[in-house]
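Visitor: Before we go through the terms, please put the model up.
Guide: Here it is.

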Amino acid sequence: MKKCIIIDDEPLARSIVKEYLQAHPEMEIAQECSDGFEGVKAIMQHKPDLIFLDIQMPKITGFEMLELIDFPVSVIFTTAFDEYAIKAFETHAVDYLLKPFNKERFEKALAKWEQNAAKEDTVPPLLEQAHKQPEEAHRVVVKNGSNIKIIPINDIHYFEAYDDYVKIFTKEGYSLKKKTMNYFEQSLPSHQFVRVHRSYIVQVAQITKIEVFEKDSHVAVLKSGVKIPLSKTGYGKLKEVLGL
Amino acid sequence: MEAHLLHKKNKILILISALGWWLLHVLALYKLGLNIKIALIDSTVNNSLLFAVCFGTSHMMRWLDPDKKKASIKIVSLSLIAFFCAKIAALIIAALCTSLLPHLLNDTAAYTEMLKKTVLIRFAIALLLITWVALANWFFNSLSQQQAGEKQKNDSEKLLREAELMDLRQQLQPHFLFNSLNSINALVVTKPEEARKMIQQLSGFLRGTLKKDEQTFISFQEELKHLQLYLEIEKVRFGHRLHLDFLIDEDSCCLLIPPLLLQPIVENAIKFGLYDTTGEVTIKIIAKKENKNLKINISNPFDPETAQPNKGIGFGLSSINRRLYLLFYQNNLVQTSTHENTFTTTLIIPQSS
């Protein structure tokens with residue numbers, strides 16, 4: 001028995017997947033979800049072998065939902081519009097079904113998944129890939145325990161490297177996200193966020209002044225009073241963005 | 001203008017014709033009984049001057065705009081200029097020849113005699129040639145300008161077509177269309193009657209979108225009917241999540257509105273409402289007559305913490321604003337406001353009568 005989860009905000013779109021799955025008694029539908037929040041909970045709870053995932057959904061997109069899951073899971077995307085196709089394939093999805101899809105196309109996607117699963121016990125490195133494909137971000141989705149929070153990037157004071165995680169500081173404290181500093185450096189707008197140090201990325205608008213610290217080094221003082229060390233190249237980049 | 005008669009390709013041809021012309025002149029004088037030396041000098045002086053004037057005329061023509069509207073005036077003034085130039089050229093030729101040649105040659109009496117006889121012919125030939133050069137240039141320039149104009153026209157038509165295509169694409173909303181087809185796909189097996197109904201609604205909506213002329217106004221009632229088709233489909237798609245609340249004053253029904261104005265706004269409201277919250281969503285549409293104008297409020301719930309007001313909603317509304325501005329020359333007909341968790345778009349449609 002293989003477990004799967006269907007995540008789509010339109011009931012009829014879920015029902016067509018259900019209908020096609022009736023021909024596969026070995027597939028058990030563990031749960032149906034109508035948004036990404038339910039999706040995360042259901043995936044954590046059931047640890048499914050396969051998920052059918054829509055992309056445009058309430059609050060968080062299918063891609064953002066995947067970022068919140070800490071273990072690998074096979075994904076077949078189901079979506080109406082092909083503007084996401086390239087990104088979906090970059091995340092090493094098993095397949096990408098364009099709505100409306102027919103039974104033959106659905107069977108092909110399932111066969112592809114079965115083949116992949118037989119070839120290697122470990123599923124494709126979907127999550128790591130998803131982490132590696134930054135596009136210009138305008139918000140960051142984080143999970144604190146079972147709470148999912150959407151942080152608009154304007155609210156972020158700074159990022160700090162923390163082992164395999166990154167601490168994201170806002171006025172309410174910090175949230176952890178399993179990403180690299182390089183990922184954030186690339187995905188955030190470069191005029192707004194500057195990598196001032198190997199371990200720090202700062203929102204430029206949060207800086208009130210730059211002070212000399214000891215002989216040659218500098219620190220940036222934020223509105224909140226926090227002092228962020230600047231590396232030599234970081235100081236140079238910051239000066240460039242500020243037009244000094 | 002880039003194209004010009006004295007273009008590289010034409011240069012050799014012009015040079016050969018000039019040489020031929022010069023040779024012809026020499027031959028003519030020689031046949032008339034002058035010795036070859038005199039004929040050569042006469043032809044060289046005469047034709048160098050003539051070609052210089054022609055060259056000058058040709059360059060002058062470059063700056064003369066061959067505008068069709070004033071073509072007749074220009075031709076007249078051109079021929080006058082040519083006549084004037086020819087006259088000066090002929091006079092200079094005569095003067096130069098008479099003053100120069102005696103110094104160069106011993107026996108000039110016969111030549112002076114001949115010059116006096118041929119001054120009129122020389123003048124006529126110069127006039128004809130200069131006029132011809134001027135006209136040829138004018139013709140050539142107007143032709144190339146016409147070609148350039150045609151190219152410009154083609155380019156702008158292409159741009160227009162592309163813009164129309166964009167418009168069409170926006171109206172047809174591929175996302176909406178494919179999702180609706182997917183819903184029908186699901187209904188076909190489980191509820192064939194509903195599938196059939198949805199196909200009817202979808203085709204009714206699409207037909208309405210395609211046939212409406214953007215220029216002529218329709219009654220608000222008719223616009224609402226079209227909107228209803230769209231909303232019925234969205235209700236099938238989103239089921240229990242989507243609720244609609246209509247508050248339409250009776251006296252607003254026969255007011256006029258540009259067609260297909262409401263649907264994109266309502267679509268925005270639905271998208272905004274459905275994708276920014278996870279619960280049930282009520283879209284409220286209020287319409288009434290106010291100060292002789294039609295006033296429409298469309299509101300949807302949103303989450304002020306995560307909403308990105310610049311994404312999606314901005315684009316749709318700015319194109320509506322643009323459309324209303326082009327129709328009424330007023331810039332304040334679309335307004336938005338937020339109150340707690342509600343986003344409201346207000347439209348004012350002026351009534352001309």
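Guide: A crossing is left-handed if the near helix is turned anticlockwise from the far one by less than a right angle, and right-handed if clockwise. This is a predicted model, where local features need pLDDT of at least 70 and side-chain atom pairs count only at pLDDT 80 or more, while totals for chains, interfaces and linings use all residues. Residues are numbered from 1 along each chain as its sequence is written, and chains are lettered from A and ligands numbered from 1 in the order in which they are written.

Visitor: Which hand does the crossing of H7(B) and H8(B) have?
Guide: The crossing of H7(B) and H8(B) is right-handed. Helices (H or I, at least four residues) and strands (E, at least two) are DSSP runs, numbered from the N terminus.

Visitor: Why is H7(B) called roughly parallel to H8(B)?
Guide: The axes of H7 (residues 220–238) and H8 (residues 262–276) of chain B cross at roughly 25 degrees and come within 10 Å. Axes are lines fitted to C-alpha atoms, for helices over the stretch in contact, and angles run from 0 to 180 degrees between N-to-C directions. Angles under 35 degrees count as roughly parallel, over 145 as roughly antiparallel, 65 to 115 as roughly perpendicular and the rest as oblique. Therefore H7(B) is roughly parallel to H8(B).

Visitor: What makes the contact between H7(B) and H8(B)?
Guide: Residues are in contact if their C-beta atoms, placed from the backbone, lie within 7 Å. H7(B) contributes Glu223(B), His226(B), Leu227(B), Tyr230(B), Glu234(B) and Phe238(B), and H8(B) contributes Leu262(B), Gln263(B), Val266(B), Ile270(B) and Leu274(B). By class, there are seven nonpolar, two polar and two charged residues. Ala, Val, Leu, Ile, Met, Phe, Trp, Tyr, Cys and Pro count as nonpolar, Asp, Glu, Lys and Arg as charged, and the others, Gly among them, as polar.

Visitor: Which are the edge strands of the open sheet in chain A?
Guide: The five strands of this open sheet follow the order E2-E1-E3-E4-E5 (chain A), with parallel pairing. Two strands pair if DSSP finds at least two bridges between them. Strands E2 (27–33) and E5 (95–98) of chain A each pair on one side only, and are the edge strands.

Visitor: How many bridges join E4 to E5(A)?
Guide: Four bridges join E4 (residues 74–79) of chain A to E5(A), and the two run parallel. In E5(A), Leu97(A) is the bridge partner of Thr78(A).

Technical notes:
Contact = placed C-beta atoms within 7 Å.
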